[in-house]
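Here is a note for a colleague who is meeting this structure for the first time. Please read the numbered points with the sequence and the model side by side.

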Amino acid sequence: MRNTLSKMWVSFRDSVGGLLDSKGTADDVKGLLWLAVVGVVVVVFLTLLRGWDRRKPMR
């Protein structure tokens, strides 16, 4: 598991770093996809937290 997370982190770092250079490569598309996936995960997580908070009874 640790090895998989390490490989994902390296891929994320390299791909998003590719967005900052002046050359247009396939890593730019990969970096945009990484950012989109991270954004979707954050939105889903926040939506779940909001729904869970609304299920709590009022005090």
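1. The buried residues of helix α1 are Ser11, Phe12, Ser15 and Gly18, where buried means under 20% relative accessible area, exposed over 50% and partly exposed in between, with a 1.4 Å probe and protein chains only. Seen down the axis of α1, these buried residues fall within an arc of 130°, so they line one face of the helix; the arc is that of the directions from the helix axis to the C-beta atoms. An α-helix has 3.6 residues a turn, so residues three or four places apart point the same way. On the face of α1 turned away from the buried side, the exposed residues are Arg2, Asn3 and Leu20.

2. Before going further, please note that this is a predicted model, in which local features need pLDDT of at least 70 and side-chain atom pairs count only at pLDDT 80 or more, while totals for chains, interfaces and linings use all residues. Residues are numbered from 1 along each chain as its sequence is written, and side-chain values use heavy atoms, with hydrogens and water left out.

3. The protein has two helices and zero strands, these being DSSP runs (helices H or I of at least four residues, strands E of at least two) numbered from the N terminus. Helix α1 covers residues 2-20, and its 19 residues should span 27 Å at 1.5 Å a residue, which agrees with the 27 Å between its end C-alpha atoms; the expected span is 1.5 Å times one less than the number of residues. Helix α2, residues 26-55, has 30 residues and reaches 44 Å from its first C-alpha to its last, close to the 44 Å expected.

4. How many of the 30 residues of α2 are buried? The number is three, so α2 lies largely in the open; the buried residues in α2 are Asp28, Gly31 and Trp34. Arg54, which also lies in helix α2, is exposed, with a relative accessible area of 61%.

5. Asp21 lies in the loop between α1 and α2 and is partly exposed, at a relative accessible area of 36%. Gly18, in helix α1, is buried at a relative accessible area of 8%, and its C-alpha is 8.9 Å from that of Lys30, 12 residues away in sequence.

6. For the protein taken as a whole, the radius of gyration is 17 Å, whereas a compact globule of 59 residues would have one near 10 Å; the radius is taken over C-alpha atoms, and the globule rule is 2.2 Å times the number of residues to the power 0.38. The C-alpha atoms fill a box of roughly 55 × 25 × 15 Å along the principal axes. Of the 59 residues, 12% count as buried.
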